[in-house]
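Subject: Structure for your review

Dear colleague,

Please find below the structure for your review. My findings follow it.

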Amino acid sequence: MPKARRLTDEERSKIVRERAKGVPASDLAVRFGVSPKTIYNVLSHGRSVKSANGSRSRVLTMRVSEADLRRFDAALSRRGIAHRSDAMRRLMLAAEGVFLPDDEMCDELRSLGAALNRVGNNVNQIARRLNEAKVRGERLSYPASSHRDVRALAGLVFDLADQVQEMSRARRSLLDLEIGSALAGLAARDANGAE
């Protein structure tokens with residue numbers, strides 16, 4: 001059995017760069033004369049050489065579906081970004097702001113939930129009175145005031161639904177801005193051919 005070939009630090013860096021561009025691990029294994037397992041070890045254990053400034057010593061790998069990758073590439077293309085790794089690095093740096101819950105939205109949703117509970121209680125009281133009258137064989141009492149109350153409650157439910165939808169739209173817009181801000185500069189850099 002032939003002795004396993006050791007990769008140089010330069011080769012490890014090249015493997016990482018080539019894999020980030022989408023070159024299959026099996027092709028890299030053939031090119032560098034090692035097993036696919038060695039390629040995956042280089043990628044998953046961060047054995048690549050540190051960059052000149054020493055700041056990028058770790059390698060991250062992940063598996064995605066073809067559809068996920070197409071959507072990601074399309075999103076980058078719409079923003080004029082050519083390199084996945086740069087986009088992922090920027091998104092990682094922006095993750096703290098993107099993944100934190102929106103405290104103001106959470107408070108507003110709790111408030112809306114309490115309002116919906118009150119609406120539900122009022123509707124239950126009206127339904128209970130109507131059911132009790134029906135069980136006793138009494139004429140169902142549904143005065144104009146009850147009708148106004150039900151219409152007002154229905155209006156409140158629709159208003160709450162509109163508010164939740166608007167909050168959702170606002171949060172999505174904010175996330176789009178944060179992601180756009182995180183990716184800012186990459187498109188211009190890629191257009192200028194910088195590496």
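A residue is called buried here when its relative accessible area is under 20%. The model is a predicted one, and within it the buried residues of helix H3 (residues 36–44) are Ile39, Val42 and Leu43. Viewed down the axis of H3, these buried residues fall within an arc of 95 degrees, so they line one face of the helix. Among the elements that cover them are helix H1 (9–20) and helix H2 (25–32).

As for the protein as a whole, it has 9 helices and 0 strands. Of its 195 residues, 22% count as buried. Among contacts with a separation of 6 or more, 61% are made by residues 24 or more positions apart.

Helix H7 (residues 103–135) and helix H8 (residues 144–183) pack at an angle of about 160 degrees, and their axes are 10 Å apart. Angles over 145 degrees count as roughly antiparallel, and H7 and H8 are therefore roughly antiparallel to each other. Their crossing is left-handed.

The residues of H7 that meet H8 include Met105, Leu109, Leu112, Leu116, Val119, Val123 and Ile126, together with Glu108 and Arg129. On the side of H8, the residues involved include Val150, Leu153, Leu156, Val157, Leu160, Val164 and Met167, as well as Asp149 and Arg171. By class, this contact of H7 with H8 comprises 15 nonpolar, 4 polar and 4 charged residues.

Yours sincerely

Terms used: Residues are numbered from 1 along each chain as its sequence is written. This is a predicted model: local features need pLDDT of at least 70, side-chain atom pairs count only at pLDDT 80 or more; totals for chains, interfaces and linings use all residues. Side-chain values use heavy atoms; hydrogens and water are left out. Axes are lines fitted to C-alpha atoms, for helices over the stretch in contact, and angles run from 0 to 180 degrees between N-to-C directions. Helices (H or I, at least four residues) and strands (E, at least two) are DSSP runs, numbered from the N terminus. Angles under 35 degrees count as roughly parallel, over 145 as roughly antiparallel, 65 to 115 as roughly perpendicular and the rest as oblique. A crossing is left-handed if the near helix is turned anticlockwise from the far one by less than a right angle, and right-handed if clockwise. Contact means heavy atoms within 4.5 Å. Ala, Val, Leu, Ile, Met, Phe, Trp, Tyr, Cys and Pro count as nonpolar, Asp, Glu, Lys and Arg as charged, and the others, Gly among them, as polar. Buried means under 20% relative accessible area, exposed over 50%, partly exposed in between (1.4 Å probe, protein chains only). The arc is that of the directions from the helix axis to the C-beta atoms.
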